[in-house]
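Hi,

Here is the structure I promised to pass on.

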Amino acid sequence: MQLDKVKNLPKKVVDSLENIDGLTVFLVQDYNNQFLRRLVDFGEDIFGELGMDEWGLVPQIRHGNVYVLKEEGKRNISGLAILMRDWEDSEKVYLFDFAIADELQGNRLGYHFLKIIIGNIKEQGFKRMSLTVDTENEPAIGLYEKIGFKITETSMDEYGKSHDRYIMVMEFQE
Ligand SMILES: CC(C)(COP(=O)(O)OP(=O)(O)OC[C@H]1O[C@@H](n2cnc3c(N)ncnc32)[C@H](O)[C@@H]1OP(=O)(O)O)[C@@H](O)C(=O)NCCC(=O)NCCS
């Protein structure tokens, strides 16, 4: 039945959050229209028109790595992360989108979600992760520094005028 299929997506469990009942990290390997819509809506709620639409998300699910944080069997998405392999450095993964649902922010979910993702990415053989972040996005910069990312460069007007970004990199320990 279609509804059951939706309920059971996504299927691949990566890990569960410590001490937070029911919240699980999934690696999204398949989708249907309803689940895809929920992912797009989640991104739009947080990033507005800069959120990834279906045309961006589907190739990411098929060819990149998309992780969601949610309760197993529930519809609500609590967190989303989109990663891609770097073309120049095949041991580097680029964190393209990372977000926790508005109403859940500030509860350490971002920290635990990203830690689990990094563990999984390391298991896949990657050696480093990079990202860019708005130079005024204090919560995100604070989170990334706490996890172990370092600012390596500032890129002015990265996405057009006034979109200044820090480039941050984390080298994984052996
Ligand atoms: C950035 C984001 C993912 C953080 O997730 P979160 O679950 O709220 O963060 P956590 O509660 O796990 O916080 C982890 C650390 O981040 C930092 N941090 C979190 N919120 C902060 C704030 N408002 N101000 C400063 N630092 C903050 C702190 O170092 C914190 O550690 P602490 O709790 O020991 O002080 C979340 O705010 C978010 O989704 N923001 C909107 C989307 C976004 O900007 N994404 C980043 C795009 S590059």
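Six residues lie between β4 and β5, and the two form a hairpin. For the terms: strands count as paired if DSSP finds at least two bridges between them. Helices (H or I, at least four residues) and strands (E, at least two) are DSSP runs, numbered from the N terminus.

Two housekeeping points. Residues are numbered from 1 along each chain as its sequence is written. This is a predicted model, where local features need pLDDT of at least 70 and side-chain atom pairs count only at pLDDT 80 or more, while totals for chains, interfaces and linings use all residues.

On confidence (pLDDT is the predictor's own, per residue, from 0 to 100), the mean for the protein chain is 90, with 92% of its residues at 70 or more. Among the elements, α5 has the highest mean pLDDT (98) and helix α1 (residues 2-7) the lowest (44). Over residues 1-7 the pLDDT is below 50, and beyond near neighbours in sequence this stretch makes five contacts in the model. A contact here means C-beta atoms, placed from the backbone, within 7 Å. Where pLDDT is low, the predicted coordinates should not be read in detail.

Now the overall fold. The protein chain has five helices and eight strands, in the order α-β-β-α-α-β-β-β-α-β-α-β-β along the sequence. Its radius of gyration is 16 Å, close to the 16 Å that the globule rule gives for 174 residues, so the chain is as compact as a globular protein of that length. (That radius is taken over C-alpha atoms, and the rule is 2.2 Å times the number of residues to the power 0.38.) Of the contacts with a separation of 6 or more, 50% are between residues 24 or more positions apart.

Which residues come nearest to the ligand? They are Q105, G110, P139, G142 and L143, out of 19 residues around it; "around" means a C-beta atom, placed from the backbone, within 6 Å. The elements giving two or more residues to this shell are β5 (92-100), α4 (109-123) and α5 (138-147). Helix α5 provides the largest share, six residues.

Burial next: a residue is buried with 20 or more other C-beta atoms within 10 Å of its own, exposed with 12 or fewer, and partly exposed in between, again with C-beta atoms placed from the backbone. By that count 26% of the 174 residues are buried.

Last, K12, which sits in strand β1 (residues 12-16). K12 is exposed, with 11 other C-beta atoms within 10 Å. Leaving out residues up to four places away in sequence, K12 touches F26, L27 and Q29.

Cheers

Notes
Two residues are in contact if their C-beta atoms, placed from the backbone, lie within 7 Å.
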